[in-house]
2 protein chains.
Amino acid sequence: MNKESIKQIPHKTIERLSQYRRALLLVSAKGKTHIFSHEIAEIQHITAVQVRRDLMLIGYSGDLRKGYKIQALVELIGQIIDSPSGQKVAVFGLGNLGMALTHYLSGRRENLYIVAAFDVDEHKIGQSFEGVPCYGMEKVKEIVARENITIGIITVPAEEAKATKNLAIEAGVKGILNYTPVPMEVPEGVFLEEYDMITSLEKVAFYVKELGSSDLENTKRTASK
Amino acid sequence: MNKESIKQIPHKTIERLSQYRRALLLVSAKGKTHIFSHEIAEIQHITAVQVRRDLMLIGYSGDLRKGYKIQALVELIGQIIDSPSGQKVAVFGLGNLGMALTHYLSGRRENLYIVAAFDVDEHKIGQSFEGVPCYGMEKVKEIVARENITIGIITVPAEEAKATKNLAIEAGVKGILNYTPVPMEVPEGVFLEEYDMITSLEKVAFYVKELGSSDLENTKRTASK
DNA sequence: AGTATCTTGTTATTCTTTTAACAATGCAAA
DNA sequence: TTTGCATTGTTAAAAGAATAACAAGATACT
Ligand SMILES: NC(=O)c1ccc[n+]([C@@H]2O[C@H](COP(=O)([O-])OP(=O)(O)OC[C@H]3O[C@@H](n4cnc5c(N)ncnc54)[C@H](O)[C@@H]3O)[C@@H](O)[C@H]2O)c1
Ligand SMILES: NC(=O)c1ccc[n+]([C@@H]2O[C@H](COP(=O)([O-])OP(=O)(O)OC[C@H]3O[C@@H](n4cnc5c(N)ncnc54)[C@H](O)[C@@H]3O)[C@@H](O)[C@H]2O)c1
């Protein structure tokens, strides 16, 4: 697993590794120590080949008779997708969605820490939510630098989305998770992931309509993007 | 645009059509009547070829000199992705996320109506939120049937996710939008779309780490899908 | 020992999606 | 009129991802 080979891991495989790990931790908690590719596949509702291929790409070898050693696999996935010292995350826009996410994420993931939220609302600034302090926008540069925040989640109103993204990047954020419906672009060296809920919902609506009008297709789609 | 050709529109194109439409409505509101493929592309941060290819797939022809007629294109996209009489949506699990989504979606989309929420919390049952009534789980069958709800958004706790999905499908829901981190499967004739936030966040974290360790890749990824 | 069975690891193939290439078109200006 | 230019529509190629195919290893059973 050198740096070059990691770079060639498909994006989709990276996504599945995240999911495998969580699934593995769950079955591990039940006392299981080994698992077969088809068992992982069943949990994830994908094929066993897909699982084996993904594990091949990260260079993990299982036992031909017992399957994969859960603990070792979890550790290897961690070596690949985690930063050794963890990464810090900030939420930009502590509204309905931002608050839900803060609630959901804080104290949950071992290597990703939500350490700050930013908003313009005077009622929120200065307070803490789930142990996460909320700062005014004028503090972005200072806090991002001081805390070494590398990831920003954008949940401000659509009109403010691009400006907020720019501010975050100027302050030093290297990864953007954009939950506004506004398509963005980022400079070289910054990674952008976008998710648009309306699109998902309209997509479901479209395929429901299509399935209704002629029942040809059995469909499952997974996004995460 | 017959039924066969619609079926062959790539999933990704369907997603982009949803986004094109919203972008077009915005520029239309500013008084613009025509638009070039490269203008759409710029808004969406994709390539003009991609736009033209998508429009080709839905059989829309632009004017060689003026570009695409915005209003006509919006209408055509509507003919393709909307159901003529709209579709009704229910939220299952009116917690932090479910409430945020209800807030966000209610009264917003023209052809998709959130008409019900379901929860087990006695404090929520019987109340309305954003004009959306919350019912107990024992009412799912009755309400889904009565209101002809075709789409269910799953935002219950992870442990309840599969049971809730099954209940929704038994009641007659034909499309599931799963926001829990629990991978699901659905019977034939039901469409499933899943989005896992943790996966997205860990993916961003991974690529931030990689970009940091060697600045080769300029990356943009969009999910919704 | 030999055979059957199950699993992994990997290569080959197919499918999907994006990107490139380019002919055809229509207008404007020379 | 003719040339140049920017745009569309479409076919061709490339890239990315999933699926299939199958050799090889390990164990159990005969
Ligand atoms: N609520 C949802 O479920 C949901 C779902 C998908 C996408 N979104 C998107 O997420 C974004 C937020 O949605 P919401 O429902 O939470 O809205 P919201 O209005 O509840 O929250 C927006 C928050 O951003 C703050 N804010 C406003 N301007 C700001 C600025 N310039 N800088 C920093 N903070 C600022 C506001 O004070 C508020 O707290 C929107 O773009 C929306 O499209 C929301
Ligand atoms: N909060 C987020 O930002 C967020 C983000 C991504 C994913 N999720 C996922 O969404 C789900 C909900 O998250 P949340 O933060 O809103 O949790 P939450 O606890 O705030 O909400 C869960 C809601 O579901 C209700 N509920 C519990 N059991 C139920 C049942 N059997 N049937 C119907 N309703 C039931 C609860 O009463 C509560 O209102 C979780 O699976 C979580 O993993 C949440």
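1. Chain A and chain B bury about 7,800 Å² between them, 60% of it from carbon and sulfur atoms; buried area here is the accessible area (1.4 Å probe) that two parts lose on being put together, summed over both. The model is a predicted one, in which local features need pLDDT of at least 70 and side-chain atom pairs count only at pLDDT 80 or more, while totals for chains, interfaces and linings use all residues. Residues are numbered from 1 along each chain as its sequence is written, chains are lettered from A in the order in which they are written, and side-chain values use heavy atoms, with hydrogens and water left out.

2. The interface brings 83 residues of chain A into contact with 82 residues of chain B (contact: heavy atoms within 4.5 Å). Eight salt bridges are counted between the two chains, a salt bridge being a side-chain nitrogen of Lys or Arg within 4 Å of a carboxyl oxygen of Asp or Glu. A:Arg22 forms a salt bridge with B:Asp196, with 2.8 Å between the closest N and O atoms.

3. On the side of chain A that touches chain B, helix α9 (residues 197-213) of chain A gives the largest share, 16 residues. Helices are DSSP runs (H or I, at least four residues), numbered from the N terminus. By class, this side of chain A has 39 nonpolar, 21 polar and 23 charged residues. Ala, Val, Leu, Ile, Met, Phe, Trp, Tyr, Cys and Pro count as nonpolar, Asp, Glu, Lys and Arg as charged, and the others, Gly among them, as polar.

4. The second largest pocket holds about 620 Å³ of space (a pocket is an open set of points on a 1 Å grid over the protein atoms alone, with protein on both sides within 12 Å along at least five of seven lines). Of its 20 lining residues, A:Arg22, A:Leu26, B:Ala158, B:Pro181 and B:Val182 lie nearest the centre. Helix α2(A) supplies six residues, the largest share of the lining, and α2 (11-29) and α3 (37-44) of chain A each supply at least two. The lining comprises 11 nonpolar, two polar and seven charged residues.

5. One cavity of 30 Å³ or more is found, a cavity being a set of grid points where a 1.4 Å probe fits but cannot get out, with lining residues having an atom within 4 Å of a point. The largest cavity has a volume of about 60 Å³, volume being the space filled by probe spheres set on the points. Residues from both chains line the largest cavity, including A:Glu202, A:Ala205, B:Ile81 and B:Asp82. Its lining divides into three nonpolar, four polar and two charged residues.
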